[in-house]
Amino acid sequence: MAEETQQSGKEGQSRFAVPDGAVLSLLGSRDENLRLVEELLDADVHVRGNEITLSGDPADVAFAERVFTELVTLASRGQSIDQHAVRRVVTMLSANEAESPAEVLSLDIVSRRGRTIRPKTLNQKHYVDAIDKNTVVFGIGPAGTGKTYLAMAKAVQALQAKQVNRIILTRPAVEAGERLGFLPGTLNDKIDPYLRPLYDALHDMIDPESIPRLMQAGTIEVAPLAYMRGRTLNDAFIILDEAQNTTPEQMKMFLTRLGFGSKVVVTGDITQVDLPGGQRSGLRVVKDILEGVEDVHFSVLTSGDVVRHRLVGDIVDAYEKWQVQQDVLDQNGAHHGPGARRGNQRRGR
């Protein structure tokens, strides 16, 4: 990207050429990326052919240069650039992190039929890196942050690279109280409602036609947490999902299943505990217990890492703000309307 920067008086200006093959991807369909960049940046942006001119306050121009440099790098690598990518690049650069957004957004984990799974935020990149470097990783964060999806992608990657011999996916079946006998049908029928999201994610990463064969051979196992008891799991990539719905005893039971050559990822959202009777969440207490233990890592994802609809992040923030207010009212002994006291008792307060 050829670049020319000058400054006259208090106004800065930068002019550079974008490689021909990257122009269309950079600007977007009907220039939608360009319009979003103009909205997000304080510098004035002018495009003529494949030449872009930036002008305005020198600091704003310098920041805009960094944004376009990252976007051009992504486009030059053949990645399609949409408005989500533009927002993520601007957000990452605004946070003044040392890592290049283009490097974060270019990290391929698993590819299938032209679709590639990659981290989409810096925290997600740190989470993925932590899985590479540690034997036990906890991914804690709200819905939509990719904590389970990325863990499963890393599991598939490890299986394909023959780093492990099998993948084990498990969830606590809270609604059934871990007692599945009263549900109708076969074992697969009984566990299906609780494990369906894990199957759905697998279908994005592995040829769906091969999944039954891999499950029959034991290469992929999807089972309720209760079925982990008494086992030692060697040479496996093991994921415990919805871990906020484990008791401390269940969490200990699960973690002590770890065998040689295995890796464990535990994911959950400590704001969404569904345990009955005010039971403590194993995910809430495990950080206090294992903090500082070597080869155990805690990755915390936030509403800023939500990669679903943009509104999901706003909803998560709104709920967190509301919960803080309710906690203050609880501490002051205030009620929140009819039934508030009963609700607090249900949460074990």
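Start with the crossing of α1 and α3, which is right-handed (the near helix is turned clockwise from the far one by less than a right angle). Select residues 20-27 for α1 and 58-76 for α3: the two axes come within 9 Å and cross at roughly 115°. Axes here are lines fitted to C-alpha atoms over the stretch in contact, with angles running from 0 to 180 degrees between N-to-C directions. That angle makes α1 roughly perpendicular to α3 (65 to 115 degrees).

Now show side chains: A22, S25 and L26 of α1 touch F68, L71, V72, A75 and S76 of α3, where contact means heavy atoms within 4.5 Å. By class that's six nonpolar, two polar and no charged residues (Asp, Glu, Lys and Arg count as charged; Ala, Val, Leu, Ile, Met, Phe, Trp, Tyr, Cys and Pro as nonpolar; the others, Gly among them, as polar).

A quick note on the model: it's predicted, with local features needing pLDDT of at least 70 and side-chain atom pairs 80 or more, while totals for chains, interfaces and linings use all residues. Numbering runs from 1 along each chain as its sequence is written, and side-chain values use heavy atoms, leaving out hydrogens and water.

Next, pick α2 (residues 32-40) and α4 (residues 83-94), which pack at about 30° with axes 9 Å apart. That makes the α2 and α4 pair roughly parallel (under 35 degrees). Select E32, N33, L36, V37 and L40 in α2, which meet Q83, V86, R87 and V90 in α4. This contact has five nonpolar, two polar and two charged residues.

Finally, zoom out: 46% of the chain's 349 residues are buried (under 20% relative accessible area, 1.4 Å probe, protein chains only).

Definitions and conventions: Helices (H or I, at least four residues) and strands (E, at least two) are DSSP runs, numbered from the N terminus. Angles under 35 degrees count as roughly parallel, over 145 as roughly antiparallel, 65 to 115 as roughly perpendicular and the rest as oblique. Buried means under 20% relative accessible area, exposed over 50%, partly exposed in between (1.4 Å probe, protein chains only).
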